[in-house]
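Please read these points with the structure open beside you. They go through a few places one at a time.

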Amino acid sequence: RNISLENLAAGSFVDNDILTNIMNQMIEYAELNFSNQLEMDTGDDVLNTMATTVNLLGEELEDRIKKLRELNITLEVTHETSTAKNQEFSGLLPALDNSALIYLSDTKGVFVKVNKALCDASKYKEDELQGQNYRIINSGFHPKQFWDDMWNSVENGKTWRNEIKSRAKDGSEFWMDTVINPITNIKGDITHYLS
């Protein structure tokens, strides 16, 4: 049944001290103080039910706050680990930039990002390569079947590896030992290729 405090307070059978104790306990729980619980046996089923309900709500609130604190600790540890890993990898990026020709392309093979080493090898500036397809450095050396096999592999989510003969802006040629890895989103859809 529904009970309002106004009706209880208005009744002659209710002790205002008991209602005050219940309200004070609710305030303690709201202030995240869970050290005490209501202990009442007033002989009144309605007040005993209210006291039990307040205690149960306090236990539930305490449990949820404990879980939130544990989650916060987990998040802090994860953040610290992630920060440490980022610092660890920050030194790796310049090394990769100096030792490997790297590019990121969309699913149509258009360069989204290229590194300095690829620019140096191809003799193109970064802004000349970005937004262009691989054809800008294609030497024409490899047959159509070579490229069809590459696309068939990467579009099916497989890593592809082979040597590619490429042509620089000035017409000189260079070889790339190429590995193309599909990059997927959280749904598993391919969004980019890292080469």
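**Notes on the predicted model**

1. Start with a pair across two strands: R161 stands opposite V179 in β4. The model is a predicted one, and that applies to every point below.

2. Strand β3 covers residues 160-167 and strand β4 covers residues 173-184. The two run antiparallel and are joined by eight bridges. Together they make a hairpin with five residues between the strands. In this hairpin, G171 has a positive phi near 95°.

3. S139 sits in the loop between α6 (126-129) and α7 (144-155). Is S139 buried or exposed? Its relative accessible area is 10%, and buried means under 20%, so S139 counts as buried.

4. What does the side chain of S139 reach? It comes to 3.2 Å from the backbone nitrogen of F141. Apart from neighbours within four places in sequence, S139 is in contact with K165, S166, R167 and E173.

5. Helix α3 spans residues 45-90 and includes E59. Along the chain, E59 and F34 are 25 residues apart, and their C-alpha atoms are separated by 7.8 Å.

6. L75 is also found in helix α3. On the surface, L75 forms a nonpolar patch with L68 and L71. The accessible area of these residues together is about 310 Å².

Terms used:
Residues are numbered from 1 along each chain as its sequence is written. This is a predicted model: local features need pLDDT of at least 70, side-chain atom pairs count only at pLDDT 80 or more; totals for chains, interfaces and linings use all residues. Side-chain values use heavy atoms; hydrogens and water are left out. Helices (H or I, at least four residues) and strands (E, at least two) are DSSP runs, numbered from the N terminus. Patches are made of residues with over 30% relative accessible area and no salt bridge: like charges are joined within 9 Å, nonpolar side chains (Val, Leu, Ile, Met, Phe, Trp, Tyr) within 5 Å. Accessible areas come from the Shrake-Rupley method with a 1.4 Å probe; for residues, only the protein chains shown count as cover. A salt bridge is a side-chain nitrogen of Lys or Arg within 4 Å of a carboxyl oxygen of Asp or Glu. Two strands pair if DSSP finds at least two bridges between them. Buried means under 20% relative accessible area, exposed over 50%, partly exposed in between (1.4 Å probe, protein chains only). A polar contact is a pair of N or O atoms within 3.5 Å; within protein, one must be able to donate a hydrogen and the other to accept it, and residues adjacent in sequence count only if both atoms are side-chain atoms. Contact means heavy atoms within 4.5 Å.
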